[in-house]
Amino acid sequence: MKNKIQWFLMIATVVYLVPFIVSGSEVVNRFVDFSLEDPHEKKYSQLDMEGKITLVVLQSRTTLQTAVDCKTELKSLAQENQKVQMIAIMDLRKRPPLVPKSVLKGKISGQDPTSKEIPFLLDWDGAVTQALGGEDNKCKVLVVDPMLNIVYKQEYKKAGIDSEIKPLLDELSSRQK
């Protein structure tokens with residue numbers, strides 16, 4: 001009798017806990033609600049993305065040059081397709097200590113020639129970047145559809161732009177009126 005009760009409790013625990021554990025570990029498939037500023041203190045939020053196809057580059061200070069290369073290549077896709085916009089989000093939670101934000105803004109903007117053309121949002125605490133699955137030392141590319149669903153998320157690879165991202169943008173654009 002004691003064994004039957006133990007088995008019943010074990011099965012009940014698994015049946016009730018597994019869905020809870022699985023739902024907590026699912027990958028984010030909807031873009032997070034956010035409010036970030038660019039180096040010129042212009043604010044951006046999720047509302048700026050609604051109804052548009054958005055290419056998002058997640059970067060950190062350690063991936064600045066890789067992100068510049070990535071944004072330079074992706075920029076042409078956004079220019080070719082009027083239904084596509086681009087933003088970049090930089091994770092700055094590991095910024096150098098005691099360096100004022102204004103100095104860091106100027107330095108980063110000076111090292112990133114794409115920051116004048118592509119909204120470059122500063123994530124000072126890294127919360128938005130982390131919520132989207134960004135990682136230090138990795139530059140990631142996300143494609144967000146007009147309904148704010150993340151339909152593509154991969155580490156930046158030059159080969160993936162033409163083989164994966166461009167066809168996806170074309171498909172999403174053809175669905176939009």
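**View 1. One cavity turns up in a search of the whole structure at 30 Å³ or more.** The model shown here is predicted. The volume of the largest cavity is about 40 Å³. Two elements each give two or more residues to its lining: strand β7 (150-155) and helix α5 (158-175).

**View 2. Residues Val141, Tyr152, Gln154, Glu155, Tyr156, Lys157, Gly160, Ile161 and Ile165 line the largest cavity.** Sort this lining by class. Five of its residues are nonpolar, two are polar and two are charged.

**View 3. Helix α2 (residues 64-80) packs with α5 at an angle of about 20°.** The two axes lie 11 Å apart. Angles under 35 degrees count as roughly parallel, so α2 is roughly parallel to α5. The crossing of these two helices is right-handed.

**View 4. Side by side, α2 and α5 meet through residues from both helices.** From α2 come Glu73, Leu74, Leu77 and Glu80. From α5 come Lys158, Ile161, Ile165, Lys166 and Leu169. Which classes make up this contact? There are five nonpolar residues and four charged ones, with no polar residues.

How values were computed:
Residues numbered from 1 in each chain as written. Predicted model: local features only at pLDDT ≥ 70, side-chain atom pairs only at ≥ 80, totals over all residues. Heavy atoms only, no water. 1 Å grid on protein atoms, 1.4 Å probe; cavity = no way out; pocket = protein on both sides within 12 Å on 5 of 7 lines; lining within 4 Å. Points joined across faces, edges and corners; volume = space filled by probe spheres on them. Helix = DSSP H or I, 4+ residues; strand = E, 2+ residues; numbered from the N terminus. Nonpolar A, V, L, I, M, F, W, Y, C, P; charged D, E, K, R; others polar. Axes fitted to C-alpha atoms, helices over the stretch in contact; angles between N-to-C directions. Parallel < 35°, antiparallel > 145°, perpendicular 65-115°, else oblique. Left-handed = near helix turned anticlockwise from the far one by under 90°. Contact = heavy atoms within 4.5 Å.
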